[in-house]
Amino acid sequence: MTLLIKGMVCNRCIYVLEQEFFNLGIKIIAIELGRVVIEDTAHDISLESIKSMLKKNGFELRYSKTQETVEKIKELVESGITMQLQSGNPTKFSSLISDKLTKNYDTLSALFSAAEGQTLEKYIILRKMEKIKELLVYTDLSMSEITHTLGYSSPAHLSNQLKKYTGFTSSYYKRIRLDKVTIIEKQSHTTKTF
C-alpha cells in the first residue's frame with residue numbers, strides 16, 4: 001500500500017518515519033520524501049493509528065482519489081464481514097460496496113485491482129480467512145456454525161478455502177485454541193496452589 005505523506009521535507013523526516021512505522025509493527029518496502037510504501041499485511045493496523053502517529057510527528061496523510069476509494073472499499077469489506085457475524089445473514093459485497101459508494105461494482109473492482117495488485121474478490125476472501133482463523137482460535141464456534149454465519153455453502157467448502165489460502169486446516173487452528181486453553185488452565189491451577 002502506498003501512503004502519500006504531507007510534510008516530509010528532509011532525510012530526518014524519513015528517519016523519523018522509519019522508526020515510527022517500525023514501532024507500529026509495519027514493514028516499509030520503500031520510503032522517499034512524500035511517499036511511503038508499506039507491506040500489504042499491514043491491514044491489521046488501523047489507518048487511524050497511522051494518522052495519529054503522523055500527526056504526532058507533524059505529518060499528514062494525503063490521499064489520491066483512488067487511494068481514498070480503495071480505503072473506503074476496505075472499510076466496507078470489514079463492515080460487511082462484521083454484519084455477517086452479527087446477523088448470521090450472508091452479505092452481498094458487490095451490492096454493499098456499489099450501493100455505499102454509488103458507483104458500478106465492476107468499475108470499483110477494477111480500480112481496486114489496479115491499486116492493490118490483487119482482485120477485490122481475493123481481498124474479501126483473505127479478510128474472511130483472517131476472521132475465520134480468529135474465530136477458530138478464540139471462540140468455541142464449530143466449523144458448521146462459522147460456515148453458516150459467514151454464508152459458505154458447506155463446511156467442506158470453507159475447509160478447502162481455508163487450506164488453499166492459509167496452508168492450514170481448521171483442525172490446526174482448533175489445536176492452537178486447545179493449546180491456549182490448556183496453558184491457561186495450567187496457569188490457573190498453578191496460581192491456586194500458591
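**Entry 1: Thr102**

In which loop is Thr102 found? I located Thr102 in the loop between α4 and α5 (105-116). Helices here are DSSP runs of H or I of at least four residues, strands are runs of E of at least two, and both are numbered from the N terminus. I worked on a predicted model, in which local features need pLDDT of at least 70, side-chain atom pairs count only at pLDDT 80 or more, and totals for chains, interfaces and linings use all residues. Residues are numbered from 1 along each chain as its sequence is written, and side-chain values use heavy atoms, with hydrogens and water left out.

I noted a positive phi of about 45° at Thr102, although this residue is not a glycine. Most residues other than glycine have a negative phi. Thr102 counts as exposed, at 67% relative accessibility. The classes are buried (under 20% relative accessible area), exposed (over 50%) and partly exposed in between, with a 1.4 Å probe and protein chains only.

**Entry 2: the whole chain**

I listed nine helices and four strands, in the order β-α-β-β-α-β-α-α-α-α-α-α-α from the N terminus. The C-alpha atoms fill a box of roughly 55 × 55 × 25 Å along the principal axes. Of the 194 residues, 36% count as buried.

I then checked pLDDT, the predictor's confidence in each residue from 0 to 100. The mean for the protein is 86, and 93% of the residues reach 70 or more.

**Entry 3: helix α9**

I placed Ile184 in α9, which covers residues 170-193. Ile184 is exposed, with a relative accessible area of 53%. Its C-alpha atom is separated by 24 Å from that of Phe168, 16 residues apart along the chain.

**Entry 4: helix α2**

For α2 (residues 47-56), I found Leu47, Ile50, Met53 and Leu54 buried. They cover an arc of only 125° around the axis and so lie on the same side of α2. The arc is that of the directions from the helix axis to the C-beta atoms. On the other side of α2, I recorded Glu48, Lys55 and Lys56 as exposed.

**Entry 5: helix α8**

I counted twelve residues in α8 (155-166), which reaches 16 Å from its first C-alpha to its last, close to the 16 Å expected at 1.5 Å a residue. The expected span is 1.5 Å times one less than the number of residues. The buried residues of α8 are Leu158, Gln161 and Leu162. Seen down the axis, they fall within an arc of 105°, so they line one face of the helix. Asn160 and Lys164, on the other side of α8, are exposed. Just after α8, Gly167 takes a positive phi of about 85°.

**Entry 6: the second largest pocket**

I read a space of about 260 Å³ for the second largest pocket. Of the 15 lining residues, Phe93, Glu121, Ile124, Ile125 and Lys128 are the closest to its centre. The elements giving two or more residues to this lining are α4 (93-101), α6 (120-138) and α8. The largest share, four residues, comes from α6.

On a 1 Å grid over the protein atoms alone, a pocket is an open set of points where a 1.4 Å probe fits, with protein on both sides within 12 Å along at least five of seven lines; lining residues have an atom within 4 Å of a point. The volume is the space filled by probe spheres set on the points, which are joined across faces, edges and corners.
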